[in-house]
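Please keep the sequence and the 3D view side by side as you read.

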Amino acid sequence: MDHEDQTTVLLPGDVRMPLLGFGTWQATGQAGYDAVLAALDAGYRHVDTATMYGNEEEVGRAVRESGLRREDIFVTTKLPPERVGRERETIEASLTALGTDQVDLWLVHWPPANPTDNIPVWREMLAARDEGLTRAVGVSNYATAQIDELIQATEENPAVNQIRWSPSLYDRQRYKEIRDRGVVLEGYSPFKTSDLADPVLTRIAAAHDVSPAQVVLRWHIDHEIVVIPKSVTPERIRVNADVFHFSLTAEEMRDIDALGNP
């Protein structure tokens with residue numbers, strides 16, 4: 001897979017985010033390092049981690065030892081909600097663990113337990129961006145109303161909302177709400193809630209001579225939804241990266257959309 005062919009989406013501040021990323025949840029220690037190295041070798045140029053995952057050090061080492069330039073790899077990490085009031089300390093620890101001066105995207109991992117912390121946390125995220133510790137900031141697992149609260153208070157929309165997403169979770173209304181606010185939708189756990197044996201997916205996969213998993217990833221990309229599959233199996237990692245040689249027809253996209261909420 002050629003990096004040049006990879007489709008990206010534009011975030012505020014002229015930041016280009018690859019639509020295909022590599023998820024690292026539960027990939028820790030040597031296995032985590034090996035998986036990230038295999039992903040970068042397979043052509044991924046976007047790696048998603050989080051303070052909560054406890055693997056930033058391994059991710060950073062794989063990025064450094066991949067032979068790729070740091071600026072060619074998009075790195076996301078996330079602030080745990082219980083770190084309210086310790087945002088600066090948390091991103092500095094992330095940067096140290098990752099061995100980099102700056103991440104490309106920093107997300108609030110979950111909305112804070114106390115709703116009154118929502119805006120103060122967001123202001124701290126924006127401050128970190130303005131100081132150059134991260135190129136872009138966003139949220140994860142936020143409802144539309146929670147995003148609206150941030151935009152109303154600061155006039156700064158999150159660059160991204162990373163939520164659980166898949167064909168069976170497709171929700172046209174939510175997709176539209178997020179897009180209408182100038183926020184990029186990023187989906188995680190694309191396979192966990194997908195029935196890869198679903199006749200719609202297997203029929204479309206056969207038509208393109210690809211796997212149902214590849215169809216699910218391509219469906220995200222054709223919707224301009226960022227997707228971050230995770231695997232620690234080198235062969236699966238390679239196959240998941242190989243989704244740029246085909247695209248879905250409008251009819252196929254509609255058939256897959258219909259697996260979710262109309």
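Asp-209 is exposed, with a relative accessible area of 71%, where exposed means over 50% relative accessible area, buried means under 20%, and partly exposed lies in between, using a 1.4 Å probe and the protein chains only. Before going further, please note that this is a predicted model, in which local features need pLDDT of at least 70 and side-chain atom pairs count only at pLDDT 80 or more, while totals for chains, interfaces and linings use all residues. Residues are numbered from 1 along each chain as its sequence is written, and side-chain values use heavy atoms, with hydrogens and water left out.

Asp-209 sits in the loop between α7 (199-208) and α8 (212-222); helices (H or I, at least four residues) and strands (E, at least two) are DSSP runs, numbered from the N terminus. The phi of Asp-209 is near 60°, which is a positive value in a residue other than glycine. Glu-155 also has a positive phi, of about 60°, although it is not a glycine. Glu-155 belongs to the loop between α5 (144-154) and β8 (160-164), and at 71% relative accessibility it counts as exposed.

Which residue with a positive phi follows α2? That residue is Gly-67, whose phi is near 85°. Within helix α2 itself (residues 56-65), the buried residues are Glu-56, Glu-58, Val-59, Gly-60, Ala-62 and Val-63. An α-helix has 3.6 residues a turn, so residues three or four places apart point the same way. The buried residues of α2 pack against α1 (29-42), β4 (46-48), β5 (74-79) and α3 (87-98).

We turn next to a residue that is named in a database record. For "binding site", an unreviewed UniProt entry lists His-109; UniProt positions are given here in the numbering of this model, feature names are shortened, and annotations may be inferred rather than shown by experiment. His-109 lies in the loop between β6 (103-108) and α4 (118-130). Is His-109 buried or exposed? With a relative accessible area of 5%, His-109 is buried. Leaving aside residues up to four places away in sequence, His-109 touches several others, including Met-52, Tyr-53, Lys-78, Ser-140 and Asn-141, where a contact means heavy atoms within 4.5 Å.

The unreviewed UniProt entry also carries the annotation "domain: NADP-dependent oxidoreductase", which covers residues 20-259. This span is 44% helix and 15% strand, and its end C-alpha atoms lie 22 Å apart. Gly-260 is found in the segment after α10 (250-257), and at 15% relative accessibility Gly-260 counts as buried. Although Gly-260 and Leu-169 are 91 residues apart in sequence, they are 5.1 Å apart in space, C-alpha to C-alpha. Gly-260 also touches Pro-167, Ser-168 and Tyr-170, not counting residues up to four places away in sequence.

Finally, let us step back to the whole. The secondary structure of the protein comes to 10 helices and 10 strands. Its radius of gyration, taken over C-alpha atoms, is 18 Å, close to the 18 Å that the globule rule gives for 262 residues, so the protein is as compact as a globular protein of that length; the rule is 2.2 Å times the number of residues to the power 0.38. Buried residues make up 53% of the 262 residues, and of the contacts with a separation of 6 or more, 73% join residues 24 or more positions apart.
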